[in-house]
Amino acid sequence: MNKTKQLFAGTILTAIGQESARADYTLNLTEGVTKISHDIHDLHMLILWICVFIGLGVFGTMFYSILHHRKDKGHQAAQFHENTTIEIIWTIIPTVILISMAIPATKTMLELDDVQDSDMSVKVTGWQWKWEYEYLDNGIKFFSSLDEESNKARQLGSDIDPRTVPNYLLNVDNPLVIPTKKKIRFLFTAADVIHSWWVPALGWKKDANPGFVNEAWTQVDQAGTYRGQCTELCGKDHGFMPIVVVAMDQPDYDAWVKKTKAEAAKGPNLSDKSRDELIAAGQSVYEKNCATCHLPTGEGVPGAFPALKGSPIVTGDINKQADIVLNGKGAMPAFGKMLKADELAEVITYTRNALGNSVGDEIQPKAVQAMLPEGAAAVSESDEDEEEAEESPAPAVETKADKNAPSSKEALMAKGKAVYESHCVSCHQAGGQGLPPTFPALTGSDVVNGDIKEQVKLMKTGKGMMPAFGGTLSPEEFAAVVTYTRNALGNSVNDMITPAEIEALQ
Amino acid sequence: MSAVIAPHDHEHDDHHDDHGPMKGWIRWIITTNHKDIGTLYLLFALAMFFVGGAMAMVIRAELFEPGLQFVNPQFFNSMTTMHALVMVFGAVMPAFVGLANWQIPMMIGAPDMALPRMNNMSFWMLVAGVLLLASTLFMEGGAPAAGWTLYPPLVLQTGAALPFAIFSVHLLGISSIMGAINIIATIFNMRAPAMTLMKMPLFVWTWLITAFLLIAIMPVFAGAVTMLLTDRFFDTSFFDAAGGGDPVLYQHIFWFFGHPEVYVMILPTFGVASTIIPVFARKPLFGYSSMVYATASIAFLSFIVWAHHMFLVGMPMAGELYFMYATMLIAIPTGVKVFNWTATMWKGAMTFETPMLFSIAFVVLFTMGGFTGLMMAVAPADFQYHDTYFIVAHFHYTLVPASVFILMAAGYFWLPKWTGHMYNEKIGKLHFWLSAISVNILFFPQHFLGLAGMPRRIPDYAVQFADWNMVSSIGGFIFGLSQLLFLYIVIDTIRGGTGEKVTDEVWEDAHKHSLEWTLPSPAPYHTFTTPPETVPSEHF
């Protein structure tokens, strides 16, 4: 008796357990967590019901006819073949319905497009097959790729049941973190082929085109984790580059920013290591970054991705190999931009001494660091600068110019360089040469070399793709970057504007 | 001329004028007879239907469960790409050209196509193009895997297959253009004197309009792929931002071709449905002239709506709104067609032989594809639907239970006329019911998957999509296997079918609707060597 009871309870528990273990499927479009996603959901339901209604009418008529107007029921065929009145009616009614659908659709469309007055901007770059997020306001920058557990389970013949992997294929190593209740502007571009960034809960997706920038925005009011995927076919691992957005309330977000910046400031560990240590550490770097193309065994995919096993490059001059790994070649991305010097040294050493190769040499992190462009080091330095700056009471929200704010041209120029590098460089580029035709050059630009007040006005209110910096920068930062652009980047107007003057113009 | 040299041979010579088909296999290579070429097109299309179908089975098998079980992601992408290319260019388009070859001369009272030798050439160029395309499966780096849309920069990463695929597209394009020229020339020049334009059967009308679409769009596609070729091999930068180009430019060019292209596959479908439904409703087609005008309107609109495939590429607001409004307009002429078919059935004396069953299923299921099309025309909603399984469900509803079902219907409808044998109605109906049910099990759940957030063109998916994918795959396997019944019926009918003697009109009072039913069954090798005196009036 007792046993039967136990068995019964066990069965029920198992059944319930299975029920909850099963990820729940949905039949309809999500309502999402933004105003836009709600509007789109409402629009979707409206059109769906209109279609259902029309469908019932048409199919109802047709099936009535099929049931009653049959030869085997002895129905005699009528011979009518036109009726102008009814034909005009069934042209006009759909037209009216279409107009009634177009009006709310147009409203939502206009709302989707309105990226004005954003609180912060995130630049999203699609890579084969990961996403890069760059916070244009605070310089945080990182890659986000499929999490390790999903990556292991998704290999052909892995024998790992995807149902045992939490958030299978919808989980990443570094999620995009955004603050709640803030209007966030996204800038989309791609490094190689076209990708598309979609988080259903936000209500939209947007293509990331190489060489061009698209815009979109969102404002999430509720903290939470929202998942999505790449939706434009981008090669073999298109199905394996998920998106995870974590929306945090402002204090949590601020803490995250601080922590992330502190980590980024650490920089690579440049101490020397033994060959075996490098090889051991290199394996995980290889599996995460190289194995998708060159395969876990290093055999590659003939015709598309060369084998590393026995490759003349991997078994040849180590500096030449390092050059290709750091700077890329053809479809091979430049890993110098993605990995730190120690990781690069590890993975290069690994490929030379594993995967069927045994060259028997190694490269040290220091040597790799020396090969990296100056920019890599400069970025981490400027990050540190900002760290220090942040310790002084909240400079970003400061509205009045600090009395002690630097007003000498030299001080403004130094400050302006840092502001330029964190706010302007991603579009107008490090040397001010821009990316014509989308982003104009500042070097020799009519605006930068013209009336200083016009330049300030344009930067305050924005123009086309150019965002309005009036709300983003403090008067001091504003004055600094204006002065900087006019006296550097190949320009020498030889004038300046002080924070006080900026404030006066407001 | 031989009569002058050898007068005594006159009798033999007269007989020679009336010869039947050539003996032996060479007949099928060098034939210029519209019926032979129609048969070649149809059989080739049927073979490619099974090749493309086999690829679909690979796709559905891999998607049966989450995780990768059978193929690697690169090969999966090749399968989705090749499935689409083979089905569009190897199966559906050639099948309609095959129907045009058989039916247009017989329907307008012409002895043959206007340009018989070009007819032969366009068929063999099609075969060459498709074989070339198929051969890329065995090349280093694999077959193209960037989707049938061949978007750069991704498609430029294709291995050795790229130039072969592009040349194949050129061949298929030339073949289509030649076929289209032939159809236009035939319809404009070879009609029986009594066959005025507004007396032509709807099938002929829709093909006339389709042929103009083909001539307008195939060169555009050829141009787009040629730019891909020069970008890859001759250092041009049409689609490369680093050289001043734009990858989105390709999408504009492609969809200027691509949108009319999908109508190339649906307009003749409308024509066949408008031909079959009146016969089995025993009523004239309702609103003949509005059908003609609606077809022409749809063809015109198809040229000015292309960027609704590109709502997410970052177009200016004015562009988004214009393409949304223009696309919504398509619903009006398409609605007129659906209402006309319904009105044709209304108060008829319907019977439900296999061709009629497939045609009714077409009207219902195509309308469902039309509804989802309307939903996606609404640009902001498309920001969610775009590139998900919702669109996969949409275009498969407008292609499989629409174009493919109508091709099946046409097969059942005209096979007795072509072969002189009756198909087995019981197996035909079994084929219909299996297909009609399984096609919905296959594609309907894909609406749910798309709305729930599953992107298209992925070989593996998150576990919340597992249930509906399994249902969809099961539907796919049943649908795939059911088509073997059609293959059996075609072979069986050619070899004698039920053995029942078919009459000239085959279907009750069919001769009232169209000219081919006034000919003997099977249709003789040469028909209408002299044009018929009278033609059926649309208002019998």
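How many residues of chain B are in contact with chain A, and how many of chain A with chain B? Select both sides and you will find 104 residues of chain B touching 92 residues of chain A, where contact means heavy atoms within 4.5 Å.

Before going on, a word on what is on screen: this is a predicted model, in which local features need pLDDT of at least 70 and side-chain atom pairs count only at pLDDT 80 or more, while totals for chains, interfaces and linings use all residues. Residues are numbered from 1 along each chain as its sequence is written, chains are lettered from A and ligands numbered from 1 in the order in which they are written, and side-chain values use heavy atoms, with hydrogens and water left out.

**Stop 1: the interface**

Stay with the two chains together. About 8300 Å² is buried between chain B and chain A, with 70% of that from carbon and sulfur atoms; buried area is the accessible area (1.4 Å probe) that two parts lose on being put together, summed over both.

Now pick E508(B) and K71(A), whose side chains meet in a salt bridge at 2.6 Å, N to O. The term stands for a side-chain nitrogen of Lys or Arg within 4 Å of a carboxyl oxygen of Asp or Glu, and the count between the chains is one.

Helices here are DSSP runs (H or I, at least four residues), and strands are E runs of at least two, numbered from the N terminus.

**Stop 2: S473(B)**

Move to helix 17 of chain B, residues 466-494, and select S473(B). Is S473(B) buried or exposed? S473(B) counts as buried because its relative accessibility is 0%; buried means under 20% relative accessible area, exposed over 50%, and partly exposed in between (1.4 Å probe, protein chains only). Show R60(B) too: its backbone oxygen lies 2.7 Å from a polar atom of the S473(B) side chain. Beyond neighbours within four places in sequence, S473(B) is in contact with R60(B), L63(B) and F64(B).

**Stop 3: chain A**

Of its 506 residues, 46% are buried.

Finish in helix 4, residues 148-153, with N151(A). At 18% relative accessibility, N151(A) counts as buried. Leaving aside neighbours within four places in sequence, N151(A) is in contact with L146(A) and E287(A).

How values were computed: A polar contact is a pair of N or O atoms within 3.5 Å; within protein, one must be able to donate a hydrogen and the other to accept it, and residues adjacent in sequence count only if both atoms are side-chain atoms.
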